[in-house]
Amino acid sequence: MATTVRRAVLNLSAAPLGPENPLPALRPLDEMHVVDDRDRAALPRDMARQIGYEPLATVLPVRILDGYGRERTPTALDAVIIENDRLRATVLPGLGGRIHSLHHKPTGRELLYTNPVLQPADFALNGAWFSGGIEWNIGATGHTTLSCAPVHAARVPAPDGGEMVRLWEWERLRDLPFQVDLWLPEESDFLHVGVRIRNPHEHTAPVYWWSNIAVPEGERTRVLAPADEAWRFGYERTLTRVSVPEAGSVDRTYPLRGDFPADYFYEVPDGARRWIASLDEDGHGLVQTSTDLLRGRKLFLWGSGPGGRRWQEWLTEPGTVGYAEIQAGLARTQLEHIPLEPGGEFSWLESYGPLSADAGAVHGADWAAARAETERRLAEVLPRADVDAAYAAWRPCADTEPGESLATGSGWGALEVRRGKYKLPGTPFADSTLGEQQEPWLELLDQGTFPEPRRVAPPGPSLVSPHWRDMLETASADPLTEYHLGVAQWHGGDRAQAVRSWERGLAIAPSRWPLLRCLAVAAEEGGQRDRAADLYTEAFDDLCAERRDDGEAWTAATAALGREAMEALLTAERPEAARTVWAGLRPALRQRGRFRLLEARLLIAEGDRAAARAVFDEGFEVADLREGAEILDEVWAELTSEPLPDRYNYRMRPRT
């Protein structure tokens, strides 16, 4: 059959994402992949430089997604399918353009780990993320903020005269447009993926990219890459050089042989072909290869310890197969960002497909022979020259204007293109995509004023880049303008000026709680825990007096502010005030796992340890438990010296 592109519906058991958290993300980035400055001195100079190059301080202007739960219901997801007589790829444009499935028809094998459920968890930079398939990570160290966001999708003519699928969006952390072109030549066993990131600005921009491929794990599944060394990063936050395949006398190329989760960034020699493969006990599996610009390769394993196994269950459902991740990126490690010059672009081509190799060689004790066998079989089915030729054929098509629309992303790209008057052939951001969240910013752009809201509601999202900050500074000093200006100044590092803007707005604001909350965060970050507690108390009281209903927006605001207020008050050792906040929460909110944990902490602070222990004994699930968080261990340890029950064990590093 000729290659076809069609719309489809994928039915999964899914937990709804819920509303955005309306509180601006002012706090430092809660990202586990951080290396201490003192440890950087021992790293290669280029790696150390790129690790230190413009790391994110916050995820502004993106909002946090933490409104999901654990209750899943049958859900129909819009999908796009691209297939020929050999492969069928199922793409989810409403969820970051994730490739959910890559099915090899002749063998009937699924090449990816396909999650049977859609269960958000707190792994993305801005919260909600889910496991499985192939995801496109752009922006900064971590899972992209687009993990659970829609992207634009359309049909585009392919280099061979057929059709391909283009995905594109505006990445807001770095203000960069990007595209992902999925091209499946007729009768090909390999899906080609052309990627382009552009910098339309007059300043150099930091770039991050890692293609993340989930593959089934098994006792005899082995990950192979062309390297004899790797950089190991564990949740102890250390980056160390180790040998491959053995690290610490254990062969870590078998994902289940580790005790704790860890990353292995392979040191692929200059000039070597870029590839990584995951092959099962019979030598069958998936291989990913690319043009040379995509230099990095990585294995992430959950390991066989109780914490890793609990996370695996948490991200899917008990009884299903686990997974590991093989990845490919622009740098050697995910801790690095690469400069992209003004007006420049990065582009490359990746290829994904089946691979079969001699199982004896793949699983033999001779690592060099295992690698050579895998690379030889890859060369037979997809020579390196063919990948370079596919890239050369695709590259002239990157500017081709899309045809029929298959899905619509956000309106933020249209707003930025309108402001900057950018010309971006191949990735149109049409005015028709502008929506309610962009409307006030469009008025600021066109008329120089930020409109006051038409109704009492939590403020909309802020924009923080220098050009928007400049416009806010020259607009009328209304309370909402001062609120957004302060957020932009905070993001820009001018924290004293941000506080002054929020205080100016507070003096005349009819709605005080959003400004009080910002001032509370500023006080916390400045080490003023008592002042922060006072401000949070006032902010929550004001919110409770102002909220109009039990609708989604007000419920999200109450949950977010109530949680922050209780945590601040407990830190300030004010359990009575924290109990007052607890009383102001709706009963349904108190039943959420996050608030059950807060209730246990409150009871401990009040001296009722038996009641706190009863909360754990009754059982709860913190739906938005952060990757690497140890709060459950810490609270349990305050109650008892008994071992932490398995249901609460998400530990990702050894105890120290």
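**Note on the predicted model**

1. Glutamate 187 is exposed, with a relative accessible area of 59%; the cut-off for that label is over 50%. This is a predicted model. Glutamate 187 sits in the loop that runs between β12 (176-183) and β13 (191-198). Its phi is positive, at about 65°, although the residue is not a glycine. As background, most residues other than glycine have a negative phi.

2. Glutamate 573 also has a positive phi, near 60°, and is likewise a residue other than glycine. Its place is the loop between α13 (552-571) and α14 (575-583). With a relative accessible area of 62%, glutamate 573 is exposed.

3. Next, the cis peptide bonds. One joins leucine 60 and proline 61, with omega at about 10°. Proline 61 belongs to the loop between α1 (45-51) and β2 (73-83). Another cis bond joins valine 244 and proline 245, and omega there is about 10°. Proline 245 is in the loop between β18 and β19 (246-247). For reference, most peptide bonds are trans.

4. Strand β4 (residues 98-104) is mostly covered, with seven of its seven residues buried. On one side, β4 pairs with strand β3 (residues 87-92) in an antiparallel arrangement through six bridges. Leucine 92 is placed opposite arginine 98 of β4. The two strands make a hairpin with five residues between them, and glycine 96 in the turn has a positive phi of about 75°.

5. β4 has another antiparallel partner in strand β5 (residues 109-110), to which two bridges join it. Here histidine 104 faces arginine 109 in β5. This hairpin has four residues between its strands, and glycine 108 takes a positive phi near 70°.

6. Helix α2 (residues 306-315) is mostly covered as well: seven of its 10 residues are buried. The buried residues are Gly307, Gly308, Arg310, Trp311, Gln312, Trp314 and Leu315.

7. The largest nonpolar core holds 84 residues, of which Trp136, Leu182, Trp209 and Tyr266 touch the most other members. Leaving out residues up to four places away in sequence, tyrosine 266 touches Val223, Ala225, Ala227, Glu229, Ala230, Val244, Thr253, Ile276, Arg297, Lys298 and Leu299. In general, nonpolar side chains in soluble globular proteins tend to be buried together.

8. Valine 244 links two of these points: it is joined to proline 245 by a cis peptide bond, and it is one of the residues that tyrosine 266 touches.

9. A search of the whole structure gives nine cavities of 30 Å³ or more. The largest contribution is that of β25, with three residues.

10. What is the make-up of the lining of the largest cavity by class? There are seven nonpolar, six polar and five charged residues.

11. Is tyrosine 235 buried or exposed? Tyrosine 235 counts as buried because its relative accessibility is 4%, and the cut-off for buried is under 20%. It lies in the loop between β17 (229-234) and β18 (239-243). Tyrosine 235 and methionine 652 are 417 residues apart in sequence, yet their C-alpha atoms are 6.3 Å apart in space.

12. Apart from neighbours within four places in sequence, tyrosine 235 contacts Met32, His33, Pro261, Phe300, Glu627, Met652 and Arg653.

Methods:
Residues are numbered from 1 along each chain as its sequence is written. This is a predicted model: local features need pLDDT of at least 70, side-chain atom pairs count only at pLDDT 80 or more; totals for chains, interfaces and linings use all residues. Side-chain values use heavy atoms; hydrogens and water are left out. Buried means under 20% relative accessible area, exposed over 50%, partly exposed in between (1.4 Å probe, protein chains only). Two strands pair if DSSP finds at least two bridges between them. A nonpolar core is a set of buried Ala, Val, Leu, Ile, Met, Phe, Trp, Tyr and Cys residues joined through side-chain atoms within 4.5 Å. Contact means heavy atoms within 4.5 Å. On a 1 Å grid over the protein atoms alone, a cavity is a set of points where a 1.4 Å probe fits but cannot get out, and a pocket is an open set with protein on both sides within 12 Å along at least five of seven lines; lining residues have an atom within 4 Å of a point. Grid points are joined across faces, edges and corners, and a volume is the space filled by probe spheres set on the points. Ala, Val, Leu, Ile, Met, Phe, Trp, Tyr, Cys and Pro count as nonpolar, Asp, Glu, Lys and Arg as charged, and the others, Gly among them, as polar.
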